[in-house]
Amino acid sequence: MMNITPFDREMMQRCLKLARQALGKTAPNPLVGSVIVKNGEIIGQGYHPQAGQPHAEVFALRDAGEDAKDAIAYVNLEPCNHYGRTPPCTEALIRAGVSKVVVGMVDPNPLVAGKGIERLRQAGIEVIVGVEERDCRQLNEAFVHRILYQRPFGILKYAMTLDGKIATKTGHSAWVTGPASRHLVHETRAICDAVIVGGNTVRLDNPNLTSHRAGDRNPLRVVMSRSLDLPTTANLWQTAIAPTVVFTQFGSDTVIQESLREQGVEIIELENLTPDLVMQKLYERGLSTVLWECGGTLSARAIEDKSVQKVMAFIAPKIIGGGKARSPVGDLGLERMTEALSLTDITIKSIESDILIEGYLQN
């Protein structure tokens with residue numbers, strides 16, 4: 001039985017805190033932080049800032065310098081043992097002469113998957129695995145999903161009234177929730193790689209889909225429109241603020257295509273426009289986390305295509321009423337309550353007067 005101490009847990013949480021400094025910047029790489037400890041004191045720390053840069057362990061070892069000899073290295077993800085864009089971290093740890101490595105979780109990447117741990121043990125280094133593993137897995141849930149399924153991790157976000165409406169019967173939707181909830185959405189966009197809407201959202205809401213300075217970056221803005229029935233002027237076409245990609249079907253309106261290209265919008269034509277195909281294309285671009293902020297029709301298709309893994313549902317204490325007001329998820333073809341899709345690992349938070357429910361779909 002491994003002897004995991006409260007100090008080990010504290011240091012692993014420190015690794016996670018360091019790793020979070022690069023939220024939204026590392027795709028397709030994971031979020032990793034590392035701490036070097038000697039005689040109970042932190043002597044070095046670092047995190048992986050973005051793909052192509054050195055890994056967390058390298059920064060932490062540089063910070064520790066020669067004092068790293070006989071020290072303990074903490075890292076939330078198994079050190080790599082292969083040459084990619086950077087050299088293996090296992091060799092850096094071995095060269096530094098650390099006596100022990102404490103790992104949060106095994107890397108699901110087949111190129112690593114236990115080989116890093118095995119290499120360290122072969123070199124005579126003690127390795128402990130599984131410290132704060134649940135938190136480590138949650139931090140890198142998008143990376144894990146991307147590795148296992150060759151698709152980005154999809155989050156469906158919507159805001160609705162107490163009676164389940166996302167807009168009035170006229171389509172008016174500003175604002176369902178309060179300022180604090182909207183600020184959290186902006187922060188979420190800042191750590192996602194892309195945000196997706198359908199053509200209806202562009203026509204009705206004219207969104208920006210930016211972080212509104214809640215973060216120092218904006219996601220790739222993605223529009224799915226089969227016929228390209230889109231306005232020639234829209235906030236999303238202001239590509240100096242953030243890049244925009246429109247996915248459409250072959251043969252859609254060439255005049256609109258040309259107008260959007262002139263404004264810097266990238267157009268990608270597909271044989272069949274589906275959420276799964278769009279997610280495949282975003283995976284090929286190296287993206288890890290995708291936020292679906294679409295209306296009910298597209299959200300239902302994304303769920304059916306298994307392009308949504310997590311749900312963020314904001315509920316405002318308001319009632320609109322009526323049978324024609326829109327709902328957050330369209331027809332899924334379910335006829336009995338026993339067929340309803342259930343969420344797992346649910347968290348519920350109060351955000352001023354709103355409530356946020358988060359959970360995971362069982363795909």
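I counted two strands as paired if DSSP finds at least two bridges between them. Helices (H or I, at least four residues) and strands (E, at least two) are DSSP runs, numbered from the N terminus. The model is predicted: local features need pLDDT of at least 70, side-chain atom pairs count only at pLDDT 80 or more, and totals for chains, interfaces and linings use all residues. Residues are numbered from 1 along each chain as its sequence is written, and side-chain values use heavy atoms, with hydrogens and water left out.

Entry: I found an open sheet of nine strands with mixed pairing, in the order 10-9-8-7-11-6-12-14-13. Strand 10 (266-270) and strand 13 (343-351) are its edges, each pairing on one side only. I then looked up strand 7 (residues 194-198), which runs parallel to strand 11 (residues 289-292) and is joined to it by three bridges. V195 stands opposite L291 in strand 11.

Entry: helix on the sheet. Helix 6 (residues 141-149) packs on the sheet, in contact (heavy atoms within 4.5 Å) with strand 6 (153-161), strand 11, strand 12 (310-316) and strand 14 (354-361).

Entry: core. I took a nonpolar core as a set of buried Ala, Val, Leu, Ile, Met, Phe, Trp, Tyr and Cys residues joined through side-chain atoms within 4.5 Å, where buried means under 20% relative accessible area (1.4 Å probe, protein chains only). The largest such core has 40 residues, and I36, Y74 and V101 have the most contacts inside it. Helix 1 (residues 6-19) supplies the largest share of this core, six residues.

Definitions and conventions: Axes are lines fitted to C-alpha atoms, for helices over the stretch in contact, and angles run from 0 to 180 degrees between N-to-C directions. Buried means under 20% relative accessible area, exposed over 50%, partly exposed in between (1.4 Å probe, protein chains only).
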